[in-house]
Amino acid sequence: IAVSITAPAAEMGKAWQFAFLTLLPLALVLSALFILAALYWQKRKLSFQDELRRGITNNEFSVYYQPVYGTEAQRCTGAEALLRWRRADGQWIRPDVFIAAAEAENMIIPLTRHLLKLVEEDVTRWHIEPNFHLGLNVAAEHLQDSEFIADIRQFAANVAAHRFLITLELTERSLISEGPEVVQRLQQLRQEGIHVAIDDFGTGHCSLSYLQSFPLDYLKIDQGFVRTISSQEEETPILDTIISLAHRLNLKIVAEGVETARQLHYLTQHGVGYIQGFLYAKPMDNENFTVWQHYHAKRKLTSGEEHALTDSLEGKETPKSTSA
Ligand code: C2E
Ligand code: CA
Ligand code: CA
């Protein structure tokens, strides 16, 4: 096919003029704007990474510990380590915000290594009995890293004197997306005495197949399901199903975000072995946690339970905390 176009020379001149004097400068301006926008975005991205790095070197991170109550032992049987970031200007950044950002910007592994160092320092001040459960949150990306096992082994060796039961808390997302390599790693660590918990159960994915293939010890019921226990009349079908599923799979159960005596009562009645939430204790910095351990760790939850139960029955349900 041949296409031939003929135009008068004057028209051609005008068209060239339009292209040179209008379109070309416009294209240049748009390109410059695009480059500036890209540079700005890149800088912002870099600066957040830098901020996280600076935060680590300037010691702006610390670890809070939230006690976990064992319903059988009727005392504090463990604690979860939760990272906190207070910037030099005194501003606190919410953990869900900076953890998500660290995950997005490939900083979660250095940040978790930093957390492990901080925990190692903190526990030197603890006076606890052997087999205290120490819960650590592990991100999906770290689980896939070839150094993962080495990091956990190193940590376990550095705190070996305390004879903790280290529990790695993994989200469903990290288990779903990964294949046999991760299963192998977890199996290896479990053989070395490290426990594995599935965190925020029921909030991530709908597939349950991983429950059969992954080596797990604990199932942590997300606060969203615990919250459904509000009154005697209301049914809690999903929560009940999760609890019986965990029992069938021989997994120990931790209920998260327990805030009311009614929730505590319901959960213990249904065979939930571990309770974590503001009703028992809020997360505390290391100083408060060591004081709390000294005065409250061996206390039964029953007296508070009776108190709170009376409150709730009178319709004055308030979350209680025994944090120091
Ligand atoms: P998570 O692992 O589910 O941790 C429990 C969260 O629930 C904590 O929030 C805790 O303060 C809060 N919580 C505990 N009991 C109650 C309660 O009774 N009521 C209410 N309303 N909340 C309660 P936090 O510390 O803000 O942490 C948020 C999330 O950030 C964590 O959720 C975890 O996913 C992530 N995170 C925190 N520290 C780390 C860390 O060191 N590494 C990783 N990978 N993630 C972390
Ligand atoms: Ca957790
Ligand atoms: Ca959780």
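Which residues does Val119 touch, not counting residues up to four places away in sequence? Five names to look for: Val63, Tyr65, Ala81, Leu134 and Phe155. Keep in mind that this is a predicted model.

Now zoom out from Val119. It belongs to the largest nonpolar core, which has 78 residues. Val119 is among those with the most contacts inside that core, along with Phe61, Leu168, Leu175, Ile221 and Leu267. Which helix gives the most to this core? Helix 3, residues 108-123, with 8 residues. There is also a second, separate core. This one has 5 residues, including Val68, Ala197, Tyr218 and Tyr274.

Next, the metal. Take the calcium ion, ligand 2. Four residues coordinate it: Glu80 through OE, Asn137 through OD1, Glu169 through OE and Asp199 through OD. The distances run from 2.2 to 2.3 Å. Along the chain, the donors are spaced as E-x56-N-x31-E-x29-D. Asp199 also reaches a further calcium ion, ligand 3, and bridges the two. Those ions lie 4.0 Å apart. Glu169 sits in strand 5, residues 165-171, and Asp199 in strand 6, residues 195-201, so this pair ties together parts 30 residues apart in sequence. Both Glu169 and Asp199 are buried.

Last stop, the surface. In general, nonpolar side chains in soluble globular proteins tend to be buried together. Here, though, we have a nonpolar surface patch of about 1100 Å². Its residues include Phe18, Leu23, Leu26, Val29, Leu30 and Phe34. Phe34 lies in helix 1, residues 9-57. Is Phe34 buried or exposed? Exposed, because its relative accessibility is 63%, and the cut-off for exposed is over 50%.

Definitions and conventions: Residues numbered from 1 in each chain as written. Chains lettered and ligands numbered in written order. Predicted model: local features only at pLDDT ≥ 70, side-chain atom pairs only at ≥ 80, totals over all residues. Heavy atoms only, no water. Core = buried A, V, L, I, M, F, W, Y, C linked by side-chain atoms within 4.5 Å. Buried < 20%, exposed > 50% of the residue type's maximum accessible area, 1.4 Å probe, protein only. Helix = DSSP H or I, 4+ residues; strand = E, 2+ residues; numbered from the N terminus. Contact = heavy atoms within 4.5 Å. Donors = N, O, S within 2.8 Å, 3.2 Å for Na, K, Ca; no water. Patch = residues over 30% accessible without salt bridge, like charges linked within 9 Å, V, L, I, M, F, W, Y side chains within 5 Å. Areas by Shrake-Rupley, 256 points an atom, 1.4 Å probe, with all protein chains shown as cover. Salt bridge = Lys/Arg side-chain N within 4 Å of Asp/Glu carboxyl O.
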